[in-house]
Amino acid sequence: MTDYKRGKFNFEAPVVNGRPAPYRHVGKYRVRADARDIVTGKCLFLDDFSVPRMIYAQVLRSPYAHARIKRIDTEKALALTGVHTVITYKDMPKGWTLGWPPHKDLMDQEVYFAGDPVAVCAADTVDIAREALHLIEVEYEVLPAVFDAMDALKEDAPVLFPGKFKSGTNEVDPGVPHFQPEGPWWKVEGGDVEKGFEESAYIGDSLVEFNKMCSPNAPEAPGCIVRWEGASDYTIWASSQSPFICKLFNGPRIPKSNLRVKTFNVGGSYGNKQTLSSTILCCAIAAIKTGRPVKLVMSKHEQLVAHEQRLGSKIRARIGMTEDGIFNAVQGCWYVDTGALCDAVQGQVGVGLGEAQLVMAKCKNWDLDSKVVVTNKCPAGIVRGYGGQELNSCLARVMSHCMMLADKDPIEIFKKNYVSPGDKYVWRDGLVWQSRGSDHYPATMQMAADKFGWDEAWNGWLKPTRVEGRKAYGVGAGIIGNADVCEDNTQCLVRIQHDVKGRGATLIVQTDITESGMGQRAAAAKFAAEVMNVPIEKVYVTEPDSLNNVVNFGLCGSRGTVTVGKAVTKAAADAKRKVLEMGALHFHCSPEQLETKDFQVFVRDNPQKSIPIKKLGPKDLNVIGYGEHVEQFDIPSCCLFLTEVEVDLDTGEVKVLRFTQGTDIGQIIDNRMIRMQLQGGVGSASLDTATMEECIYDVNGTGKLLTNSMLEYKCRTFNDMPKHNCVIEESQLDTFMFKAVGIGEISGAAGASAVLMAISNAIGVEVNEYPATPDVILKALRSKEGK
């Protein structure tokens, strides 16, 4: 009998006439297993959960942007009935330090932003803990503050963390070892920039600000429960979208700790609820002091003033373009405002610089530097786009100026310059990668433009599509992509667990996935069901838990489709291989002659010859398959964003009327889910960063955030969503068995720059300030009249 050795069989998706054969599940809508529980409120969120003996924490926060605590008295608070502990900087052990490089203690005698933790109180109820906060007496010495990255680099600027950074200033050390193990990378260099400008027919030169550090404002506020198990062990339940990232970042910040992180459903994250470091550390220190599990859920006010905001960006840049529309030289510096804490922002900078190279992939001459700077604002960090939207929104305006000088149609320029197979770029790991991505992107851009009616609406630069009375209409376009869709190593186990009675089984997918709205758990179940050819109702995805699952970084960078998809399909294929090898022994044939369906093995040419998988192997034992994905950055995604706006020339009010997205995702996994991703990607801290979303600080007073409630912080509601269209190409990218690529993160990331282009065209003058609120529009109109 033939010896069928491991690794001989390659279970690739079947192909007919160059296209995938009809799938049973992939590409089709399937009701999510969690759908009914989510819409009826039955599913479990952190706020629904409690553990025995649990008490509640609340945090006293600084009212000043920068101050030193001269005196703090907690005696009255500690005397309040029901209070278990009150912790200040005086009670903190050494080593509870945040940031990279480590620079900001959880609580310190010095506070660095209005919202910085001053004291943590743990009590029997939330109300008692809040009452205790009012009994804490604090006397502050107000210190000079700085609220702008470029100002923070001036010689007379207050240095916030003396001795913590190599620069000796507020500029944070470049690079982050986890992303760049071979050394820091923070600038794109290459070619001969001056020669590139000499050879350019058109040069754009602008200072652009995407600097209002908007809040992602997820519906569910951040929260956690921490139980100290004794010694170095902690169990954490958190509203994080990634148990592994939460463990990876917070383990070193709680000295000598071993963290187990569990998650539930997450009520929205938008990339923002990952590490939850300050909240988790506050609970952890209280749990140690009291010996009780401690729960802390931020209020909506706290979420706005003290949880991570989007990075602030300022760019002074020059971009040169040749006569035939190829970007030929880029020179500039990206000033990144990370607020009062740099939590591995250097990784976001690396992604932003990488994405800049994707949209100007034909450019050979680069000198694009970056500086990450701390200020006295709320800490900034991960928000959908992960550095790409921040840089793209600024560089897109400089690119637009080039195109305007050349009187070139932006769609044609995008098609010529966007990354194509064979183009090289440096990604966030500092290494050179060569694209294996789609060669259909230009065609997809054109199809999207045609569906939008671009040729009919585009009248040229700074020219409205039409004017009706005092309403002017304009169109704009933006382009963005990301090579993070294949980032971070991932593992998966797939187990065939036989039913105790009958011929059936359950397919168990063991990998760490938190559901935060995108349907990633449902997609993982679909992949496994497709490979094994079983009903999706018979697939179970394990609960997110860093201890009970193999490694998966979770949902970030739109990585889940490829990374989880590859790991799950390889694990399912491995389990299937073992099943077919056992079947070959039973039927005295080769495994290639067999197939599986509904937990049965049958002979392809004679389906009547079949046997339940349950009867093939040793009694009661699971069949277990293993699969993994190893990080790579050579398949960039792409999304074109086209939009039309209406501008009231009297009031400056802007309305986004409609938008169309064009993308190539390789293979649709779920036809409803992809539309949801495209629509959902334009939500909070995305499209409306162009017109309304901003964090406004009292920079001439206390430094407090003034947009500190949902009355002051402006964002679009569901009822105000513009009309939406999309064009989705399926070019079968070489990613994994089902040829798909993720799209969620970039789906709305070019929306902000597209809207500013549309506004500029509508009113006939360039607008380079985000958000383009009515006062910005009216100022631009007055400058036009002044000319």
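Begin by selecting strand 13 and strand 14, which form a hairpin with two residues between them, and look in the turn for Ala231, whose phi is positive at about 55°. Helices (H or I, at least four residues) and strands (E, at least two) are DSSP runs, numbered from the N terminus. The model is a predicted one, in which local features need pLDDT of at least 70 and side-chain atom pairs count only at pLDDT 80 or more, while totals for chains, interfaces and linings use all residues. Residues are numbered from 1 along each chain as its sequence is written, and side-chain values use heavy atoms, with hydrogens and water left out.

Now move to Ser240, in the loop between strand 14 (233-238) and helix 6 (243-250). Is Ser240 buried or exposed? Ser240 counts as buried because its relative accessibility is 0%, where buried means under 20% relative accessible area, exposed over 50%, and partly exposed in between (1.4 Å probe, protein chains only). The side chain of Ser240 reaches the backbone nitrogen of Ser242 at 3.0 Å. Leaving aside residues up to four places away in sequence, Ser240 touches several others, including Cys246, Lys273 and Thr514, a contact being heavy atoms within 4.5 Å.

Four bridges join strand 29 to strand 30 (residues 600-603), and Lys597 stands opposite Gln600 in strand 30.

Finish at helix 17 (residues 751-763), where 13 of its 13 residues are buried. The end C-alpha atoms of helix 17 are 18 Å apart, which agrees with the 18 Å that its 13 residues should span at 1.5 Å a residue, because the expected span is 1.5 Å times one less than the number of residues. Just after helix 17, select Gly764, which takes a positive phi of about 80°.

Notes. Polar contact = N/O pair within 3.5 Å; in protein donor to acceptor, adjacent residues only side chain to side chain. Pairing = 2+ DSSP bridges.
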